[in-house]
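Hi everyone, thanks for making time.

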Amino acid sequence: MPVSQSSPYPANAGSAASEQALLDRRARLLGPTYRAFYRNPIHLVRGSGVWLYDAQGRKYLDAYNNVASVGHCHPRVVEALSGQAATLNTHTRYLSEIILDYAEKLLGTLPPHLGHAMFTCTGSEANDLAISIAQHSSGNTGVIITDFAYHGATIATAQLSPAAVGAKGVPAQHRTVTAPDTLRDGGRAAHDFARNVAAAIENMRAQGIRPAALLLDSAFSSDGIFFPGATVMREAADHVRKAGGIIVADEVQSGFGRLGQGMWGFANYGLEPDIVTMGKPIGDGHPMGAVIVRPRLVASFGSNTGYFNTFGGNPVAAAVGIAVLDVIEGEGLIENARTVGAYTGELLDALKGRHGMVADVRHNGLYFGVELTAGDEATAAAKTSSVVEAMREDGVLISSCGPRGNVLKIRPPLPFARDNAEQLAETLDRALSKW
């Protein structure tokens with residue numbers, strides 16, 4: 001693969017004064033909790049397919065965004081949204097055929113034991129609802145999560161997100177386990193994952209706590225992006241079920257064809273989850289989420305607790321959801337994730353031979369974790385951040401993840417093509433060459 005010697009764009013393109021004015025206005029109006037990506041934030045004004053465009057007309061290859069899963073501003077999704085918005089948008093306490101059509105179509109992509117769909121507006125809401133159902137149906141309280149997981153921003157889900165609140169923010173009834181790291185200790189952490197889940201259950205039991213659920217991101221996204229063996233995942237699930245808990249598959253990151261082996265990440269492990277949660281890619285940018293559940297788990301929950309979400313599952317959301325599923329199927333995006341993902345993986349794997357700081361490349365479909373090492377952990381994290389910034393300046397958008405902050409997180413929209421993969425790899429090659 002040829003590698004260009006210089007960036008096609010100047011490092012300081014655009015008006016620094018106007019961008020600073022936007023940043024100042026943002027800080028004044030939105031406050032300190034809103035953080036922008038990159039040291040030199042981008043003022044985006046338009047998106048199309050795998051491309052984003054800034055206010056000066058420069059385009060960026062989006063190799064990070066799983067929200068716009070079928071591509072930014074996909075015409076079919078936009079048409080579905082605008083057409084339904086011009087017709088009717090209300091909530092699920094009225095009868096609506098399109099909501100049922102969507103539920104039927106979405107359920108048709110999942111194993112038949114998952115028979116009910118419950119709609120939310122975000123993945124955070126979906127995980128919050130899933131934990132409520134798990135605790136109600138099992139009569140138990142404890143939840144097992146990985147030790148750098150992220151599952152949402154509500155009070156309940158933030159407390160199950162050590163990546164956001166730290167280990168001390170996880171309530172005493174829950175337990176964290178080490179993610180199945182397939183790199184360190186010769187992959188021992190991955191081998192020990194099921195054993196660690198069993199140990200967490202025993203620790204709960206010793207303190208009078210019983211597990212309600214094992215909550216799993218199928219790609220271990222915040223933990224550093226791992227794809228462990230199927231056997232250990234099934235063993236972990238068996239431990240939880242024998243203790244009276246259920247399995248919740250958080251598919252916000254790995255679902256909707258991203259892993260290239262089918263629609264859902266949990267299927268790669270041969271798991272049969274009791275609940276599946278969805279968000280981000282479900283609506284190609286429209287705020288949507290869903291909980292798909294075994295009917296027996298919500299029989300009591302529905303009659304005793306009930307559930308209603310004013311905006312969850314509204315007709316516009318349903319129209320968008322149908323369009324997203326139609327695009328995934330009609331444009332062969334799962335197969336594209338498989339083939340282009342494999343090609344991208346080959347290009348990234350080749351960088352290991354060129355750059356000693358590339359310790360590992362983990363990939364499945366169009367999901368990639370490139371782990372960098374450089375002396376101590378702080379140095380590796382700093383260089384990882386510098387690589388992300390260098391790629392942004394060179395016109396390709398990625399991010400980083402992992403408890404050490406040293407894993408490049410690459411997760412492009414599903415229409416990503418071979419020439420996009422080549423641009424990504426060439427740009428990463430240049431960025432790594434600076435170090």
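This is a predicted model: local features need pLDDT of at least 70, side-chain atom pairs count only at pLDDT 80 or more; totals for chains, interfaces and linings use all residues.

Residues are numbered from 1 along each chain as its sequence is written, and side-chain values use heavy atoms, with hydrogens and water left out.

Back to phenylalanine 256. Its phi is near 60°, a positive value in a residue other than glycine. For background, most residues other than glycine have a negative phi. Phenylalanine 256 is also buried, because its relative accessible area is 1%; the cut-offs are under 20% for buried, over 50% for exposed, and partly exposed in between, using a 1.4 Å probe and protein chains only.

Now compare aspartate 185. This one has a positive phi too, about 55°, and it is not a glycine. You'll find aspartate 185 in the loop between β6 (175–177) and α7 (188–191). So, buried or exposed? Aspartate 185 is exposed, because its relative accessible area is 65%.

Okay, zooming out. The protein chain has 14 helices and 15 strands, and its C-alpha atoms fill a box of roughly 65 × 55 × 45 Å along the principal axes. Of the 435 residues, 54% count as buried. Contacts are worth a look as well, meaning heavy atoms within 4.5 Å. Among contacts with a separation of 6 or more, 73% come from residues 24 or more positions apart.

What about the inside? In soluble globular proteins, nonpolar side chains tend to be buried together. A nonpolar core here is a set of buried Ala, Val, Leu, Ile, Met, Phe, Trp, Tyr and Cys residues joined through side-chain atoms within 4.5 Å. The largest one has 102 residues, and Leu106 and Met278 touch the most other members. Helix α11 (residues 315–330) gives the most to this core, with 10 residues. There's also a second, separate core of 21 residues, and its members include Ile131, Ile145, Ile275 and Val291.

Skipping neighbours within four places in sequence, leucine 106 is in contact with Phe119, Trp264, Ala290, Ile292 and Leu325, among others.

Next, isoleucine 133, in helix α4 (residues 123–138). It counts as buried because its relative accessibility is 0%. Which residues is isoleucine 133 in contact with, leaving aside its neighbours within four places in sequence? They are Met118, Ile275, Val291, Val293, Leu297, Val298 and Phe301. And the C-alpha atoms of isoleucine 133 and glycine 302 are separated by 9.2 Å, though these two are 169 residues apart along the chain.

Last stop: asparagine 196, in helix α8 (residues 193–206). At 26% relative accessibility, asparagine 196 counts as partly exposed. Not counting residues up to four places away in sequence, asparagine 196 touches Val177 and Thr178.

Terms used: Helices (H or I, at least four residues) and strands (E, at least two) are DSSP runs, numbered from the N terminus.
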